[in-house]
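Thank you all for coming.

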Amino acid sequence: MKTAIIQYNGGNVCSVQFALERIGANAVITDDAETILSADRVIFPGVGQASSAMQYLRNRGLDRVIKHLRQPVLGICLGMQLLCDHSEEGDTSGLGIFPLQVKRFQVTTDLSLKVPLIGWNTISNLASPVFGNIPENSYMYFVHSYYAPLCEYTVAQACHAAPYSAALQKDNFYAVQFHPEKSGDDGQQLLKHFLNLY
Amino acid sequence: MLAKRIIPCLDVMNGRTVKGIHFENLRDSGDPVELAIRYSEQGADELVFLDIAATNEKRKTWRQLVYNIARHIHIPFTVGGGISEIRDVEALLNAGADKVSVNTSIFRNPQLIETLARQFGSQCIVAAIDTKPFDNSWYVHLNGGRVQTQTRALDWAREVSERGAGEILLTSMAGDGTRNGFSIDITQAIATSVPIPVIASGGAGTMEHFAEVFEQGRADAALAASVFHDGDIHLRDLKTYLKSRQIPIR
């Protein structure tokens with residue numbers, strides 16, 4: 001099986017490759033359309049800023065490539081947010097797979113709600129095959145200032161003052177707000193389940 | 001619910017951890033990768049690696065080590081020590097670090113925070129602040145504490161947050177190495193004055209100290225070195241204890 005990790009100037013993508021190596025899977029990091037199209041699995045990672053990431057993808061025509069993929073695609077963190085219609089971060093138009101407006105967490109006056117959200121948060125209402133046997137209320141590692149609200153495609157929730165989408169799924173598109181590559185054993189399980197879909 | 005984080009810190013010199021580290025059944029106690037795996041298995045939420053002998057000629061060894069750590073552990077880690085330029089940060093993130101901790105360089109050149117946050121994202125920029133009290137006020141100290149400044153820690157914390165740092169690593173030099181407990185007052189003052197997470201460091205001696213810094217100090221994370229390395233507090237016991245105190249812990 002061939003797995004492609006989409007390279008864009010969104011930051012550290014080698015962590016995802018290392019995580020796949022640890023579960024015995026080979027993956028290439030690439031921004032080449034042909035390589036992405038011919039892969040069996042595509043991972044769309046991301047740490048970084050939304051508008052510059054979208055710009056990078058558009059400049060290489062990868063926005064259209066990603067939208068039309070038919071194999072299982074896993075968006076991670078910024079990758080998940082870019083699969084939505086729009087993000088408040090840099091007023092960025094996304095790829096429109098999920099009909100969602102990504103919003104910034106609002107800082108409260110008493111500063112009790114920390115932004116960025118950094119750390120291990122629980123996920124619940126798990127409703128996707130990528131979770132397999134991962135139990136309800138497992139901890140996953142999140143790092144983000146923007147969030148996707150709940151919607152009909154939400155397949156896991158997390159909470160930071162209010163509930164939001166920790167995972168989304170529609171057709172062949174799977175997306176997680178947390179970093180499975182940094183979420184210990186449960187995160188590793190999720191990546192395995194994704195590679196073993198169908 | 002978002003958990004409070006427990007973060008062991010490893011000081012590294014020439015590719016080896018320094019300070020005595022006493023784990024049972026560990027053949028080579030100085031190998032940072034082996035220790036990182038061990039701590040991660042014991043339930044560490046994150047790890048911090050400080051290059052305490054950062055020099056130009058040793059940068060390459062350090063990056064190679066960061067790369068090896070990233071390949072072997074599946075929890076996040078921060079690296080710090082001698083980071084002064086964009087290219088230092090870029091090299092470390094490319095080697096697989098999740099975050100970098102910057103200290104003296106951003107104090108000397110505060111605009112560097114904005115530059116780094118814009119280029120790499122706030123989430124990977126940890127502003128480290130070393131502080132010590134003088135005349136009832138806490139002041140920023142630089143160069144590992146050797147240089148005292150006239151800037152109050154609280155003012156500097158607000159500034160790094162406004163300039164785009166994603167987190168503050170607050171080390172109380174009054175507490176560091178004493179094992180008398182974290183400095184609750186300054187931790188609480190800063191944690192309730194900035195919107196970004198605060199990692200408290202310096203002074204951990206007992207499990208009770210960790211509970212205090214979360215409950216009264218309002219810290220989002222607590223970092224310690226020697227109590228873990230010496231085996232005085234086992235991570236698993238600490239987490240069980242904090243859970244029994246109703247503190248959200250993974």
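In which hand does α8(B) pass α10(B), right-handed or left-handed? Before I answer, please keep in mind that this is a predicted model, so every value I quote is computed from it. The crossing of α8(B) over α10(B) is right-handed. Helix α8 covers residues 207–215 of chain B and helix α10 covers residues 235–244 of chain B, and the two pack at an angle of about 50° with their axes 10 Å apart. The two helices, α8(B) and α10(B), are therefore oblique to each other. On the α8(B) side, the residues that meet the partner helix are B:Met207, B:Glu208, B:Phe210, B:Ala211 and B:Phe214, and on the α10(B) side they are B:Asp237, B:Leu238, B:Tyr241 and B:Leu242. Sorted by class, that contact holds seven nonpolar residues, two charged residues and no polar ones.

Staying with α8(B), which of its residues are buried? They are B:His209, B:Phe210, B:Ala211, B:Val213 and B:Phe214.

In the loop between α8 and β11 of chain B we find B:Arg218, a residue with a positive phi of about 60° although it is not a glycine. Its relative accessibility is 38%, and B:Arg218 therefore counts as partly exposed. A positive phi, about 55°, also occurs at B:Asp135, again not a glycine, and this residue is placed in the loop between β6 (125–134) and β7 (137–142) of chain B. B:Asp135 counts as exposed, because its relative accessibility is 67%.

Let me turn to two further helix pairs in chain B. Helix α6, residues 153–163 of chain B, packs with α7(B) at an angle of about 35°, the axes being 10 Å apart, and here too α6(B) passes α7(B) in a right-handed crossing. The residues that meet are B:Ala153, B:Leu154 and B:Ala157 from α6(B), and B:Ile186, B:Ala189 and B:Ile190 from α7(B). By class, this contact of α6(B) with α7(B) comprises six nonpolar residues, with no polar and no charged ones.

For the other pair, helix α2 (residues 59–72) and helix α3 (residues 86–94) of chain B, the axes come within 8 Å and cross at roughly 35°. B:Arg59, B:Trp62, B:Arg63 and B:Val66 in α2(B) meet B:Asp88, B:Ala91 and B:Leu92 in α3(B), and the contact of α2(B) with α3(B) has four nonpolar, three charged and no polar residues.

Now to a single residue whose contacts reach into the other chain. Is B:Asp45 buried or exposed? B:Asp45, which sits in the loop between α1 (32–41) and β3 (47–51) of chain B, counts as buried because its relative accessibility is 1%. Setting aside residues up to four places away in sequence, B:Asp45 touches A:Trp120 from chain A, together with B:Lys4, B:Arg5, B:Ile6, B:Ile75, B:Pro76, B:Lys239 and B:Arg250. The C-alpha atoms of B:Asp45 and B:Arg236 are separated by 11 Å, although the two residues are 191 residues apart along the chain.

A:Gln101 belongs to strand β7 (residues 98–104) of chain A and counts as partly exposed because its relative accessibility is 41%. Apart from neighbours within four places in sequence, A:Gln101 is in contact with A:Asp85, A:His86, A:Tyr147 and A:Pro149. In the loop between β7 and β8 of chain A lies A:Pro116, and the peptide bond from A:Val115 to A:Pro116 is cis, with omega near 5°.

Finally, A:Ser124 is in the loop between β8 (117–123) and β9 (138–144) of chain A. A:Ser124 is buried, because its relative accessible area is 18% and buried means under 20%. The side chain of A:Ser124 makes a polar contact with that of A:Asn125 (3.4 Å), and, not counting residues up to four places away in sequence, A:Ser124 touches A:Glu136, A:Asn137, A:Ala156 and A:Gln157.

Terms used. Residues numbered from 1 in each chain as written. Chains lettered and ligands numbered in written order. Predicted model: local features only at pLDDT ≥ 70, side-chain atom pairs only at ≥ 80, totals over all residues. Heavy atoms only, no water. Helix = DSSP H or I, 4+ residues; strand = E, 2+ residues; numbered from the N terminus. Buried < 20%, exposed > 50% of the residue type's maximum accessible area, 1.4 Å probe, protein only. Polar contact = N/O pair within 3.5 Å; in protein donor to acceptor, adjacent residues only side chain to side chain. Contact = heavy atoms within 4.5 Å. Axes fitted to C-alpha atoms, helices over the stretch in contact; angles between N-to-C directions. Parallel < 35°, antiparallel > 145°, perpendicular 65-115°, else oblique. Left-handed = near helix turned anticlockwise from the far one by under 90°. Nonpolar A, V, L, I, M, F, W, Y, C, P; charged D, E, K, R; others polar.
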